[in-house]
Amino acid sequence: AMMYMALPVMFMIWAAVQIDWTQIHLRVVDYFYLVGALGGFFWGFRDYVRNYRAREQARDGWTAERVTGMQLNRLVMQDCTVLHDLPCEGFNIDHVVIAPRGIYAVETKSFRKPQGVGENLSDKSHHVSYDGKGLAFPDFATTVPIEQATRQAQWLRRTLRDALGQEFPVIAAVSLPGWF
């Protein structure tokens with residue numbers, strides 16, 4: 001953005017210094033230019049904020065997946081095989097753990113804690129509860145991660161059955177790094 005904006009900004013600064021502002025009289029059409037410029041600026045700023053938030057969410061998701069992956073990699077010493085970012089049909093499974101006792105499809109989510117939550121370890125407000133259908137966080141509840149992990153586990157089970165001709169149970173799991 002700096003490359004594109006450097007010349008116009010420097011030209012505007014140079015022009016502002018060269019202009020005798022006491023001789024300027026704004027006409028009606030000049031106000032239309034001003035309104036258009038301000039509208040364009042705020043439109044661009046709105047897109048910037050939206051993209052910045054999307055970037056922050058993507059970074060949080062990447063960090064959460066990385067932390068979960070590092071913890072799951074420790075299972076290799078327990079005779080497990082761990083796969084990360086398994087590409088599927090239009091989606092990916094964050095982690096697959098093939099263990100002696102089962103196959104796990106792990107979906108990682110990076111939900112931020114509300115400010116001030118979890119600073120005191122005896123405080124239970126940083127805990128997540130699972131009622132068999134959804135997750136209850138201190139400030140909201142959702143079933144989306146459970147449903148997503150279940151769909152991914154079902155897809156992996158069908159794919160393994162079709163490829164190997166044998167039924168393997170695949171267990172859906174959700175990882176929430178940083179939450180208890």
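Predicted model: local features only at pLDDT ≥ 70, side-chain atom pairs only at ≥ 80, totals over all residues.
Hi everyone. Let me start with one term: a residue is called buried when its relative accessible area is under 20%, exposed when that area is over 50%, and partly exposed in between.

Now, where does E107 sit? Its bridge partner in strand β7 is V174. Six bridges join β7 to strand β3, which covers residues 102–108, and these two strands run parallel.

Let's zoom out to the sheet. Four strands make up an open sheet, in the order β1-β2-β3-β7, with mixed pairing. At the edges you will find β1, residues 81–87, and β7, residues 170–175, each of which pairs on one side only. From one strand to the next, the twist averages 25 degrees.

Two helices lie across these strands. Helix α2, residues 28–73, lies across β1, β2, β3 and β7, and runs at about 10 degrees to β2. Helix α3, residues 144–164, lies across β1, β2, β3 and β7 as well, running at about 150 degrees to β7.

Back to the salt bridges. How many does the structure hold? There are 12. One of them joins E167 and R157, at 3.1 Å from N to O. E167 is in the loop between α3 and β7, while R157 is in helix α3, so this pair ties together parts that are 10 residues apart in sequence. E167 has 44% relative accessibility, so we call it partly exposed. R157 is partly exposed too, with a relative accessible area of 25%. Elsewhere, salt bridges with shared partners link R55, E56, R59, D60 and R112 into one network. Within that group, R59 and D60 form a salt bridge whose closest N and O atoms are 3.5 Å apart. Are these two buried or partly exposed? R59 is partly exposed, at 40% relative accessibility, whereas D60 is buried, at 17%.

My last stop is T142, in strand β6, which spans residues 141–142. Why do we count T142 as buried? Because its relative accessibility is 15%, and the cut-off for buried is under 20%. The T142 side chain reaches the backbone nitrogen of V144 at 3.2 Å. Leaving aside neighbours within four places in sequence, T142 is in contact with F111, G134, L135 and F137.

Terms used:
Residues numbered from 1 in each chain as written. Heavy atoms only, no water. Pairing = 2+ DSSP bridges. Axes fitted to C-alpha atoms, helices over the stretch in contact; angles between N-to-C directions. Contact = heavy atoms within 4.5 Å. Buried < 20%, exposed > 50% of the residue type's maximum accessible area, 1.4 Å probe, protein only. Polar contact = N/O pair within 3.5 Å; in protein donor to acceptor, adjacent residues only side chain to side chain. Salt bridge = Lys/Arg side-chain N within 4 Å of Asp/Glu carboxyl O.
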